[in-house]
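Colleague: I am new to reading structures. Could you take me through one, feature by feature?

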Amino acid sequence: MLIDRARHFGAEDIIVSKTDPQGRITYANDVFCRVGAYSVPELIGKPHAILRHPDMPRCVFKLLWQRIKAGEEIFAYVKNLAQTGEYYWVLAHVTPDVGPDGAITGYHSNRRAPHDSAIRVIEPLYAALLAEEAKHEDRNAAMAAGTALLEATLTKAGKSYDEFIFSITPEA
């Protein structure tokens with residue numbers, strides 16, 4: 001059940017999680033548990049997608065997974081779903097963990113509380129991406145349409161994805 005109420009955490013708090021290569025949670029810190037309203041045993045072994053809020057466009061997750069599977073880091077604004085049904089926004093920094101042989105062994109994510117000014121920019125963008133995705137019954141067509149709109153938005157702004165994210169992220 002969704003509850004349209006935000007959960008908040010402090011600027012000094014860092015939500016940390018680790019996953020295996022398939023995105024199953026292998027580590028969750030106490031801040032993650034507190035903000036998400038989960039216990040560690042409720043999280044370990046579960047897909048990180050249990051936090052997926054329906055207000056998140058699938059094309060953003062597609063971009064995130066493309067980047068980290070390619071061995072790159074990514075910063076992304078994400079609206080997460082707490083176990084209570086409430087939501088919380090994060091600025092996520094996701095990186096691949098690489099073993100001695102160069103193979104990806106999992107992923108590491110640090111998440112901080114975002115500035116309200118960034119959320120005021122992200123919310124209407126995500127709403128537009130979701131609306132575009134919703135126009136298509138076929139999941140692949142929806143993803144392609146959302147991705148095309150995101151790319152068009154970035155092109156119009158004259159920025160890469162990373163430049164856009166950093167342009168709306170106030171300095172700490």
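Modeller: Start with the surface. Accessible areas come from the Shrake-Rupley method with a 1.4 Å probe, and for residues only the protein chains shown count as cover. Here the accessible surface of the chain comes to about 9,200 Å², and 55% of that belongs to carbon and sulfur atoms. Keep in mind that this is a predicted model: local features need pLDDT of at least 70, side-chain atom pairs count only at pLDDT 80 or more, and totals for chains, interfaces and linings use all residues. Residues are numbered from 1 along each chain as its sequence is written, and side-chain values use heavy atoms, with hydrogens and water left out.

Colleague: How many helices and strands does the secondary structure of the chain come to?

Modeller: Helices (H or I, at least four residues) and strands (E, at least two) are DSSP runs, numbered from the N terminus. This chain has 6 helices and 5 strands. Along the sequence they follow the pattern β-β-α-α-α-β-β-β-α-α-α. The radius of gyration is taken over C-alpha atoms, and the globule rule is 2.2 Å times the number of residues to the power 0.38. The chain's radius of gyration is 16 Å, close to the 16 Å from the rule for 172 residues, so the chain is as compact as a globular protein of that length.

Colleague: Now the sheet. In what order do the strands form it?

Modeller: Strands of a sheet pair through backbone hydrogen bonds, either parallel or antiparallel. Two strands count as paired if DSSP finds at least two bridges between them. Here 5 strands form an open sheet in the order β2-β1-β5-β4-β3, with antiparallel pairing. The edge strands are β2 and β3, each pairing on one side only.

Colleague: How many bridges join β4 to β5?

Modeller: There are 8 bridges between β4 and β5, which run antiparallel. His 93 stands opposite Asn 110 in β5. These two strands form a hairpin with 5 residues between them, and Gly 102 in the turn has a positive phi of about 90°. Val 78 has Val 90 in β4 as its bridge partner. In that hairpin, with 5 residues between the strands, Gly 85 takes a positive phi near 95°.

Colleague: Is β4 mostly covered or mostly open?

Modeller: Buried means under 20% relative accessible area, exposed over 50%, and partly exposed in between (1.4 Å probe, protein chains only). β4 is mostly covered, since 9 of its 12 residues are buried. Over the chain's 172 residues, 44% count as buried.

Colleague: Which residues touch the most other members of the largest nonpolar core?

Modeller: A nonpolar core is a set of buried Ala, Val, Leu, Ile, Met, Phe, Trp, Tyr and Cys residues joined through side-chain atoms within 4.5 Å. The largest one has 44 residues, and Ile 15, Phe 32, Tyr 77, Tyr 88 and Tyr 126 touch the most other members. β4 gives the most to this core, with 7 residues. Contact means heavy atoms within 4.5 Å. Leaving out residues up to four places away in sequence, Ile 15 touches several residues, including Phe 9, Phe 32, Tyr 88 and Val 90.

Colleague: Where is Arg 67 found?

Modeller: Arg 67 is in helix α3. Arg 67 is buried, because its relative accessible area is 14%. Beyond four places in sequence, Arg 67 touches Glu 72, Glu 73, Ile 74, Tyr 161 and Asp 162.
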